[in-house]
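Please consult the sequence and the structure shown here while reading.

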Amino acid sequence: MNATSVDEEFNPSVHVYEPHKVGLPALRPYFKALWQRREFAAEMSRTNIRGAHTNTFFGQVWLVLNPLLLALVYYLLTDIIAGGGARVDAGLRFAHMCGGLFAFYYFSGAMTAGAASVVGGGKLLLNQSFPRMLLPLSAVRTAFFRFLPTLVVYIAIHVLMGQKLRWQMLLAPAFLIMLTVFAAGMGMIFAALQVYFRDTASFLPYFVRIWLYMSPVLWFAEQAPAKFKGFIQYNPLYPLLGGWTDLLVKGHVPVVKMWIGGGFWAVLAFVVGSLFFMSRERDFVVRL
């Protein structure tokens, strides 16, 4: 038996390594493989949840307690120390901060975890062949299930603060879906950037904190600071979180501009993020 036949016996499939190219893969097979591997992404998400102990009682308590304590701090700063500005019902203000912070920390957690998913999954990328988009999408799934307990707590806060339960609150998940799509898109953008620029991980927390102050979380959407009104409408979280709190906290159906703005930013971020991510993902293993 010659050397060639031995190689063919133990290596029945011949691998041809072509020069590396950066660019979009064939989209139809890619998304087909993505769908077929959805259980793989779900299992990664469940593993991360178990690893963070967020499926335990005390783990879920901390998920709620962290943004709740922040809401108390911001309430003290804006309403008591600073005098609260325009006088708004204290219960409504606190409910608004809780609802806004719960949603914002869901968004920031999904985006940050998505951004770290590729660099953090280095060994997995080296040993498994799968659509890399599964990594940031799995991170968004993890953030979503960590967010769910806060909704139950928010309803309790809403009632305790003397706010009414209105039918318009049932429309709030529409903005939650848009926020999720937006977070997935931003997570994919930062995940690709972090492969090339590792300092992105250090910069991102400051970016997120500034984004919080520029979003309608500590203030109501219709009470945007006068000095920022000229450009704050271009903040993607302005319609997304503004519409969310209008429905969930106030029970008001947002104006059409909020719906259009939220949908526009969600779709734009997801399309740009997914295309950018897919165009670079064949370069990830080389960079890692």
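## Salt bridges

The count comes to 2 salt bridges, a salt bridge being a side-chain nitrogen of Lys or Arg within 4 Å of a carboxyl oxygen of Asp or Glu. The model is predicted, so local features need pLDDT of at least 70 and side-chain atom pairs count only at pLDDT 80 or more, whereas totals for chains, interfaces and linings use all residues. Residues are numbered from 1 along each chain as its sequence is written, and side-chain values use heavy atoms, with hydrogens and water left out.

Glu39, Glu43 and Arg46 are linked in a network of salt bridges. Between Glu39 and Arg46, the closest N and O atoms are 3.7 Å apart; between Arg46 and Glu43, the N to O distance is 3.1 Å. Arg46 and Glu43 are 3 residues apart in helix α3 (residues 38-51), and are therefore separated by about one helical turn. An α-helix has 3.6 residues a turn, so residues three or four places apart point the same way.

The accessibility of these residues is classed as buried (under 20% relative accessible area), exposed (over 50%) or partly exposed (in between), with a 1.4 Å probe and protein chains only. Glu39 counts as exposed because its relative accessibility is 52%. Glu43, at 35%, is partly exposed, and Arg46, at 30%, also counts as partly exposed.

## Overall fold

The chain has 13 helices and 0 strands. Of the 288 residues of the chain, 45% count as buried.

A contact is defined by heavy atoms within 4.5 Å. Among contacts between residues at least 6 apart in sequence, 79% join residues at least 24 apart.

Two packed helices are described by the angle between their axes and the distance between the axes. The axes are lines fitted to C-alpha atoms, for helices over the stretch in contact, and the angles run from 0 to 180 degrees between N-to-C directions. Angles under 35 degrees count as roughly parallel, over 145 as roughly antiparallel, 65 to 115 as roughly perpendicular and the rest as oblique.

Helix α8 (residues 172-196) packs with helix α12 (residues 256-280) at an angle of about 30 degrees, their axes being 8 Å apart. The two helices are therefore roughly parallel to each other. The residues of this contact divide into 22 nonpolar, 5 polar and 1 charged. In this scheme Ala, Val, Leu, Ile, Met, Phe, Trp, Tyr, Cys and Pro are nonpolar, Asp, Glu, Lys and Arg are charged, and the others, Gly among them, are polar.

## Helices α7 and α11

The axes of helix α7 (residues 134-160) and helix α11 (residues 237-250) come within 11 Å and cross at roughly 45 degrees, and these helices are therefore oblique to each other. Phe147, Leu151, Tyr154 and His158 in α7 meet Trp244, Leu248 and Val249 in α11. This contact comprises 6 nonpolar, 1 polar and no charged residues.

Helix α11 is largely enclosed by the rest of the structure, because 14 of its 14 residues are buried. Gly251 follows α11 and has a positive phi, near 75 degrees. In helix α7 lies Val159, which at 46% relative accessibility counts as partly exposed. The C-alpha atoms of Val159 and Ala95 are separated by 9.1 Å, although these residues are 64 residues apart along the chain.

Pro216 is found in the loop between α9 and α10 (229-232). With a relative accessible area of 0%, Pro216 is buried. Not counting residues up to four places away in sequence, Pro216 touches His96, Ala221, Leu237, Tyr238, Leu241, Gly242 and Thr245. The C-alpha atoms of Pro216 and Asn235, which are 19 residues apart along the chain, are separated by 9.9 Å.

Terms used:
Helix = DSSP H or I, 4+ residues; strand = E, 2+ residues; numbered from the N terminus.
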